[in-house]
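This report goes through one protein model, from its overall make-up to single side chains. Keep the sequence and the structure in view while reading.

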Amino acid sequence: MQLADELPYALAAVDKTPRMLAELQALTLWHQQQCPAYQQLVTAQWPDFSVNAAGNHNCVDNLAQLPYLAVRLFKQLELRSVPQEAVFKTLYSSGTTGTPSRIFLDRDSAAVQSKILVKIMQHWLGKARLPMLILDHPGVISDRSNFSARGAGIQGLSFMGRNHCYAFNADMSLNWTALEQFVESYGEGPVLLFGFTFMVWQHLLQALMLIGRRIHLPQGILLHSGGWKKLEDQAVSNQQFKQTVAELTGISRVHNFYGMVEQIGAIFVECNAGHLHCPVYADVLVRRPGSWEVADIGESGVLQLLSTLPRSYPGHSLLTEDRAQLLGEDNCSCGLPGKYFRILGRLPQTEARGCSDTFVPALQRKDLSGAQAETQTGAAL
Ligand SMILES: [Zn+2]
């Protein structure tokens, strides 16, 4: 049985880690064989990481020894482990400037991505689809020309709810009529709310404060995602965010979650202890910038994400551009097994660039893109 078949928070390290290592090692090998650009990157950075005659890697006995790619490389290169014609869906990262990352999913990867998202979210929301208030405007998914990670995120999570209602108008002002109607119809029972963290703060909470109104959704569950940068700039802590949500909406169940387009399957939901908590499909490591050694528990460093799901593109082991702190493993006060951690913010741009530059020392970009043309049609799964 693969980790993807397990319940999301079912395994402690003693059971999870050996299986994760075996699956990630097999995935590394798969991507080395299917994606020449990946193979070149691995060879340049981990010259010892070769495949022996038996088709295995020498010298890997823990997760930290597996190769990892800087997430920025997905902006610069077309990294794909399936032939072009097998690409079923391309995901793009958010960000208003620069080239977005491109992530290529074949039919199987797209299916497993949805399946795992549902499994993780059902743990927190229950199995029933709840009436859903989307803290955004309806155009965010209907405007195809501007289809963004934000739209994709909303579309992905919409699947978890029913009777969808958008809380904002196109100009992001509060659609009070819609909001009032939603509260009247469903406010007594459990409901799901989803929005991007800053949108929730700015366009729901601040807007309610401004007009001096409150809504009452005592059984509501608020999921929010999208980074704290803008809220930090306004000196709003997670605790203050939750407190304001409780005061203005009556909602006490609030879960932030962290994940990135570049890595399907790695969705880290804030647990009842207020920590981002790893599901069995994914894991995290924190590395010291510069030496790239694994940091101690509690030490801040650069976050590396591992996921057993990416098979159509080599995104199973990624060095992010986020600073983080590992808080522990299998001893979170929420009672769930797994690692738990905290995001401390983005790396400064120069440092982030430095991370990815270490990956392409001897290689020319041209060589890498040229290598794409030679991608072999992969064997069937
Ligand atoms: Zn926890």
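## Overall make-up

The protein has twelve helices and 14 strands. Both are DSSP runs numbered from the N terminus: helices are H or I with at least four residues, strands are E with at least two. The model is predicted, so local features need pLDDT of at least 70 and side-chain atom pairs count only at pLDDT 80 or more, while totals for chains, interfaces and linings use all residues. Residues are numbered from 1 along each chain as its sequence is written, and side-chain values use heavy atoms, with hydrogens and water left out.

Of the 381 residues, 52% count as buried. Buried means under 20% relative accessible area, exposed over 50%, and partly exposed in between (1.4 Å probe, protein chains only). The accessible surface comes to about 16900 Å², by the Shrake-Rupley method with a 1.4 Å probe. Carbon and sulfur atoms account for 50% of that surface. Contacts are heavy atoms within 4.5 Å. Among contacts between residues at least 6 apart in sequence, 70% join residues at least 24 apart.

## Helix H7

Which residues of H7 are buried? In this helix (residues 176-186), they are Trp-176, Ala-178, Leu-179, Phe-182 and Val-183. Seen down the axis, these buried residues fall within an arc of 165 degrees, so they line one face of the helix. The arc is taken from the directions from the helix axis to the C-beta atoms. An α-helix has 3.6 residues a turn, so residues three or four places apart point the same way.

Thr-177, Gln-181 and Glu-184 are exposed on the other side of H7. The cover over the buried residues of H7 includes strands S4 (130-134), S5 (161-166) and S6 (191-196). Helix H8 (197-211) is also part of that cover.

## The zinc site

Four protein atoms are donors of the zinc ion: Cys-271 SG, His-277 ND1, Cys-332 SG and Cys-334 SG. They lie 2.2 to 2.3 Å from the ion. Donors here are N, O and S atoms within 2.8 Å of the metal (3.2 Å for Na, K and Ca); water is not among the atoms, so sites may look incomplete. The donor atoms subtend angles of 101 to 119 degrees, which makes the arrangement tetrahedral. For four donors, that label needs all angles between 85 and 135 degrees.

Along the chain, the donors follow the spacing C-x5-H-x54-C-x1-C. His-277 in strand S10 (residues 276-277) and Cys-334 are 57 residues apart, a pair that links distant parts of the chain. Cys-334 sits in the loop between strand S13 (317-329) and strand S14 (339-346). His-277 is buried at 0% relative accessibility, whereas Cys-334 is partly exposed at 23%.

## Two buried side chains

His-31 is found in helix H1 (residues 13-34). Its relative accessible area is 0%, so His-31 is buried. Pro-310 is 279 residues away from His-31 in sequence, yet 9.7 Å away in space, C-alpha to C-alpha. Leaving aside residues up to four places away in sequence, His-31 touches Tyr-38, Ser-81, Pro-310, Arg-311, Ser-312, Tyr-313, Pro-314 and His-316. A polar atom of the His-31 side chain lies 3.4 Å from the backbone oxygen of Tyr-313.

Thr-320 is in strand S13. At 1% relative accessibility, Thr-320 counts as buried. A polar atom of its side chain lies 2.8 Å from the backbone oxygen of Leu-303. The backbone nitrogen of Asp-322 is 3.0 Å from a polar atom of the Thr-320 side chain.

Technical notes:
Tetrahedral: all angles 85-135°; square planar, octahedral: opposite > 155°, others 65-115°. Polar contact = N/O pair within 3.5 Å; in protein donor to acceptor, adjacent residues only side chain to side chain.
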